[in-house]
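Visitor: I would like a close look at one helix pair. Could you walk me through that part slowly, with the cut-offs spelled out?

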Amino acid sequence: MTSSYLPATTESIAQALEAKTPSEAISILYRVIDNPSSSSESLRIKEQAITNLSDLLRQESRAEELRSLLTQLRPFFSLIPKAKTAKIVRGIIDAVAKIPNTSDLQISLCKEMVAWTRAEKRTFLRQRVEARLAALLMESKEYSEALTLLSSLIKEVRRLDDKLLLVDIDLLESKLHFSLRNLPKAKAALTAARTAANAIYVPPAQQGTIDLQSGILHAEEKDYKTAYSYFFEAFEAFNALEEPRAVFSLKYMLLCKIMVSQADDVAGIISSKAGLQYVGPELDAMKAVADAHAKRSLKLFETALRDYKAQLEEDPIVHRHLSSLYDTLLEQNLCRLIEPFSRVEISHIAELIELPVDHVEKKLSQMILDKKFAGTLDQGAGCLIIFEDPKTDAIYPATLETISNIGKVVDSLYVRSAKIMA
């Protein structure tokens, strides 16, 4: 970066755009920004230069330079309106966010900007940067710090009644509580976000985010039909905007179909006009799970989990539901296999179900404790002994009912005798 500056004119911007290399263009734009002129035309050209420079630095993955650019621009921010300052700051933070593996840099950058906005008393910008910081802390699993920051921010924003920001913060709080497995608070925060959203116009992307979070919470409560309808709404919103999150909404729609034992519908949804746009590993993973579920095959299920580990096990929402689905499928298969026997070797069951012996033994002992069937494990002989289901004697419930009725009669007679004596 050279110390001499260029005139803040459209010709200088054009010169940067025509530069042979990105480094040359960056150097020209820095020299335009360094121009000390503060006329209204110069300020407008400089704003354009800052936008172009941040785009070039992002393309070149120069995250540290973007950070130092924000510090360098602080004297310039005192010359332009606060709204334009907010737009430039948020634009540069967004540019850093688009560079991979910059989470720690983004957090420290946001903390620096929060300190600066506090010193400059720029409340509007500070609140938005703090909301961004809370989201970054949540992604980095710094849940307690994120929650502390959000708690104070929510009180402040509610006092100012900034509905649009309030929707963002309530939605973020819902995601944070969901990550902490606090479902009641996650639902309460989502309800607050919906209430705030109903009072204003909410951009389609934001509405899609609300629907996506609603679907996730309903799926967590095993209400998969309602969850499906919310995921569908989110998918339509993201699909219209061509947002990358559309494929995740579609993926969760397919998950809901599998969880309500409608795995046959999965292939139809994928081959639909909307589904064909998103064909790729995410949908292939769900199709593999649906095929395994339809065939009641644990081997195919485990193959799908192994082949599509990134899409299934590393997605916490899908992984949680597929874990319960796998357990259900395993229990159903084991019950079907042991049904003809009164005594059977565990190794034989493991061979039939094509799973390791210790895994099968562990599952059988869990099923016995959960009273899924009556039996015991003879570990010395390596056998499972199945008992016949004990038939409950009908005389005991009938006796209890009779005693209960006699008690009611005695109580009634006592009340009547008390009235006669009075």
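Visitor: Which residues in α11 meet which residues in α12?

Guide: Happy to take you there. This is a predicted model, in which local features need pLDDT of at least 70 and side-chain atom pairs count only at pLDDT 80 or more, while totals for chains, interfaces and linings use all residues. Residues are numbered from 1 along each chain as its sequence is written, and side-chain values use heavy atoms, with hydrogens and water left out.

On the α11 side, the residues are L183, A186, K187, L190, R194 and A197; they meet Q207, I210, D211, Q213, S214, L217 and E220 in α12. Contact here means heavy atoms within 4.5 Å. The residues of this contact divide into six nonpolar, three polar and four charged. In that grouping, Ala, Val, Leu, Ile, Met, Phe, Trp, Tyr, Cys and Pro count as nonpolar, Asp, Glu, Lys and Arg as charged, and the others, Gly among them, as polar.

Now for the geometry. Helix α11 covers residues 183–198 and helix α12 covers residues 204–220. Helices (H or I, at least four residues) and strands (E, at least two) are DSSP runs, numbered from the N terminus. The two axes come within 11 Å and cross at roughly 150°. Such axes are lines fitted to C-alpha atoms, for helices over the stretch in contact, with angles from 0 to 180 degrees between N-to-C directions. Angles under 35 degrees count as roughly parallel, over 145 as roughly antiparallel, 65 to 115 as roughly perpendicular and the rest as oblique, so α11 and α12 are roughly antiparallel to each other. The crossing of α11 past α12 is left-handed, meaning that the near helix is turned anticlockwise from the far one by less than a right angle (clockwise would be right-handed).

For another helix, turn to α3 (residues 40–59), where E47 has its place. E47 has a relative accessible area of 16%, so this residue is buried; buried means under 20%, exposed over 50%, and partly exposed in between (1.4 Å probe, protein chains only). Leaving aside residues up to four places away in sequence, E47 touches F76, I80, K84 and I88.

A strand gives one more stop: I386 is found in β3 (residues 383–386). I386 counts as buried because its relative accessibility is 17%. Its contacts, again without residues up to four places away in sequence, include I338, F341 and V344.
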